[in-house]
Amino acid sequence: MGLMTPSFVKLAAGALALGVLVAPVANAQKMYRFQDANGVWVYTDRQPGVEQRYEEQQVERRFEQPEIRLYQRSMTNGVALVAQNTFFGPVQLAFRINAIDNVAESTPRRGVEVLPPRSQTELIVVGKAVDYVTLRFDTEFEFLPGEPGIEHRPTQPYRLPYSLASTVRVSQTFPETTTHTDPASQHAVDFVMDVGTDVFAAREGIVIEVASDFFESGTSLAVDGPRANIVRVLHDDGTMALYVHLNWNTIRVVPGQRVRRGEYLADSGNTGFSTGPHLHFVVQRNSGGALVSVPIEFAGPTGGPVTLASGQSYTAY
């Protein structure tokens, strides 16, 4: 359902770097300008009403998609492998060394590291068995967002992710798991929303992943699952909220941006693995090698916690 899939890559000894540098992504947005009743110019990304005279222009927001890069650094006794994490959140990385020629027996063949946000970490030194003989090996790695061992500790119930005072029906949530069959989505909530419905942050955090270039949907999980527009937000307790199936070209946040509870993120849509317009919302944690969803409660009329049920409608407060 739009989850970031682990990255599997091989690196041969002698290569300068693993991972092609990704060019900054151009995210074209419309900007509107109009004068209010006092003659003051107002700038907004929301189209004014038909009664308001306004000017329209295209604005490009550019950002670099975060990734994990693996570099080699030559040493007198071998090669050091260095991982660079360009995400704005921690990432768990597992790696494996496949020896080809002249790898020292003392070199560990596998390992797991947690890479801090925006950091470089030396993973391992691949030593030579014989100093004057060429060293050859492959490296494979996979990674997941988040840090293992954290606990879900929200300070208050989540805000329903749509406009205040509006009411939306829940089509699926735990314990119903018709399409939420894996641990990563078991506790997800599907909100029935027309394409173009405003989506707001349910909890404060830092945006660590955005996908915004998809515009189609389908019913093949393998094919359509990775083609959902999403926003992933890292919370202060280390859990991550995932907003899935967002409408093409509507996402207004970028990686590294801190968003407030109730801040506008994007429009709902029907992209990726989906049979109809809706918002798939889930909170996940890294369980130590896999992403798992966690139970969540939302704020009710008095601010107290409410557990949602399939087939029921709820008003945002």
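## Salt bridges and buried residues

Arg153 and Glu151 form a salt bridge, with their closest N and O atoms 3.0 Å apart. Welcome to a short tour of this predicted model, which holds ten salt bridges.

- Arg153 is exposed, because its relative accessible area of 56% is over 50%.

- The side chains of Arg258 and Glu204 meet in a salt bridge, at 3.1 Å from N to O.
- Arg258 belongs to strand 19 (residues 258-259) and Glu204 to the loop between strand 14 (198-200) and strand 15, so this pair ties together parts that are 54 residues apart in sequence.
- Arg258 has a relative accessible area of 40% and is partly exposed, and Glu204 is also partly exposed, at 36%.
- Asp236 forms a salt bridge with Arg258 too, and here the closest N and O atoms are 3.4 Å apart.
- This second pair links distant parts of the chain, 22 residues apart: Asp236 sits in the loop between strand 17 and strand 18, and Arg258 in strand 19.
- Asp236 is exposed, with a relative accessible area of 61%.
- Through shared partners, salt bridges join Glu204, Asp236 and Arg258 into one network.

**Thr239, buried in a loop**
- You will find Thr239 in the loop between strand 17 (230-234) and strand 18 (240-244).
- Thr239 is buried, with a relative accessible area of 0%.
- Its side chain makes a polar contact of 2.7 Å with the side chain of Asp237.
- Leaving aside neighbours within four places in sequence, Thr239 is in contact with several residues, including Glu151, Arg203, Val233 and Arg285.

**Asn102, buried in another loop**
- Asn102 has its place in the loop between strand 8 (91-101) and strand 9 (110-115).
- Asn102 counts as buried because its relative accessibility of 15% is under 20%.
- A polar atom of the Asn102 side chain lies 2.8 Å from the backbone oxygen of Val130, and the backbone oxygen of Val133 likewise lies 2.8 Å from a polar atom of that side chain.
- Not counting residues up to four places away in sequence, Asn102 touches Gly127, Lys128, Ala129, Val130, Val133, Thr134 and Leu135.

**Val210, buried in a strand**
- Val210 lies in strand 15 (residues 205-211) and is buried, with a relative accessible area of 2%.
- Val210 and Gln65 are 145 residues apart in sequence, while their C-alpha atoms are 7.8 Å apart in space.

Notes:
Residues numbered from 1 in each chain as written. Predicted model: local features only at pLDDT ≥ 70, side-chain atom pairs only at ≥ 80, totals over all residues. Heavy atoms only, no water. Helix = DSSP H or I, 4+ residues; strand = E, 2+ residues; numbered from the N terminus. Buried < 20%, exposed > 50% of the residue type's maximum accessible area, 1.4 Å probe, protein only. Polar contact = N/O pair within 3.5 Å; in protein donor to acceptor, adjacent residues only side chain to side chain. Contact = heavy atoms within 4.5 Å. Salt bridge = Lys/Arg side-chain N within 4 Å of Asp/Glu carboxyl O.
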